[in-house]
Amino acid sequence: MIISIASGKGGTGKTLVATSLALALKDSQKVRLLDCDVEEPNDHVFLKTNISGSEPVFIPVPKIDEAKCTRCGQCAEVCAFNAIAVLGEHVLTFPQLCHGCGACSYLCPEKAISEEKREMGVVEWGGADGIDFVQGKLTVGEAMAPPVIRTAKRHTDSDGISIIDSPPGTSCPVVESIEGSDFCLLVTEPTPFGLNDLVLAVGTVRQLGIACGVVLNRAGVGDNSVEDYCRRENIPILLTIPLDTEIARLYSRGITLVEGMPEWKDKFVGLFEGIKEIVDARSRSLKR
Ligand code: SF4
Ligand code: SF4
């Protein structure tokens with residue numbers, strides 16, 4: 001089963017939920033945690049991971065053979081990302097903008113474009129206290145997270161439970177992270193901002209056809225609008241975590257909730273049971 005953890009905005013407690021869910025399940029399940037928040041992966045801080053291997057992530061970018069090029073401009077026309085331009089007698093490429101789609105080299109009538117690899121991140125793997133761990137890291141200054149996320153997701157475990165900690169927001173990196181999940185857990189807080197971003201996140205998840213549920217973090221801080229919305233939209237709130245200075249203190253010291261307050265382990269196991277029930281019911285109804 002693949003469970004992705006997402007949130008419409010940063011700072012809602014995604015890392016807290018992902019790491020505690022992994023720790024709560026590790027004694028009864030084979031668990032792999034994939035930190036796909038590649039711009040700022042921080043699960044490793046909480047899990048004190050040992051990294052045992054890594055692979056660089058490359059994308060193919062165009063290299064122009066000026067001798068073959070006739071400056072016809074077709075490559076610049078086809079590039080949707082303005083990563084290639086014909087200026088007078090020269091063809092300029094902008095590797096930082098290139099998405100590595102290959103359209104320019106495929107369509108160049110003179111076969112003047114070859115591809116070279118550009119490194120833009122790394123995927124690392126290892127372990128942490130009985131949990132398999134994978135994390136993607138986008139090189140500082142790079143803009144495109146999806147290739148690193150894609151490479152990290154190749155390490156998803158087909159046997160056990162894979163937990164994907166997604167980037168915040170609702171843009172391409174989030175879609176890349178949660179696509180293919182059996183369930184997406186949306187972490188939010190009961191404030192107007194939390195509701196606004198939750199609505200956007202639910203829209204994304206529904207478009208992808210993924211079942212979802214909510215973890216309400218810092219309950220007690222705001223109003224009931226998130227609960228009202230979830231009731232209206234028939235989205236289950238599977239776990240509520242109160243606004244609690246002790247939880248905040250643990251988090252600020254890099255200690256997971258399940259380790260710092262072991263009574264939370266059963267609640268996270270219950271969260272998993274709730275997810276499993278929804279996933280099983282959905283797969284039964286799809287089979288009918
Ligand atoms: S499509 Fe090929 S030949 Fe035309 S400008 Fe681009 S590199 Fe040159
Ligand atoms: S590979 Fe795709 S994104 Fe990159 S320059 Fe060519 S057409 Fe543009």
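**Aromatic pairs and their surroundings**

Visitor: How many aromatic pairs does the structure hold?
Guide: The structure holds two aromatic pairs, where rings of Phe, Tyr and Trp (its six-membered ring) pair if their centres lie within 6.5 Å, and planes under 30 degrees apart count as stacked, over 60 as edge-to-face and the rest as tilted. In Phe46 and Tyr251 the ring centres are 4.8 Å apart and the planes stand at 35°, so this pair is tilted. This is a predicted model, in which local features need pLDDT of at least 70 and side-chain atom pairs count only at pLDDT 80 or more, while totals for chains, interfaces and linings use all residues. Residues are numbered from 1 along each chain as its sequence is written, chains are lettered from A and ligands numbered from 1 in the order in which they are written, and side-chain values use heavy atoms, with hydrogens and water left out.

Visitor: Where do Phe46 and Tyr251 lie?
Guide: Phe46 is in helix 2 (residues 43–47) and Tyr251 in helix 9 (residues 245–252), 205 residues apart, and the pair thus links distant parts of the chain; helices here are DSSP runs of H or I with at least four residues, numbered from the N terminus.

Visitor: Buried or exposed, those two?
Guide: Phe46 is buried, with a relative accessible area of 6%, whereas Tyr251 is partly exposed at 33%; buried means under 20% relative accessible area, exposed over 50%, and partly exposed in between (1.4 Å probe, protein chains only).

Visitor: And what about Trp264 and Phe268?
Guide: Their ring centres are 6.3 Å apart with the planes at 55°, so that pair is tilted. Trp264 and Phe268 both lie in helix 11 (residues 264–287), four residues apart, about one turn of the helix, and both are buried.

Visitor: Which charged end sits over the ring of Trp264?
Guide: That of Lys267, 4.2 Å from the ring centre, given that a charge sits over a ring if NZ of Lys or CZ of Arg is within 6 Å of the ring centre and within 35 degrees of the ring normal. Lys117 lies over the face of Phe58, at 4.5 Å from the ring centre.

Visitor: Switching to cysteines, how many disulfides are there?
Guide: Zero in a search of the whole structure, a disulfide being a pair of cysteine sulfur atoms within 2.5 Å. Cys172 is exposed, at 55% relative accessible area, and its sulfur is 14 Å from the closest cysteine sulfur, in Cys101, too far for a bond.

Technical notes
Helix = DSSP H or I, 4+ residues; strand = E, 2+ residues; numbered from the N terminus.
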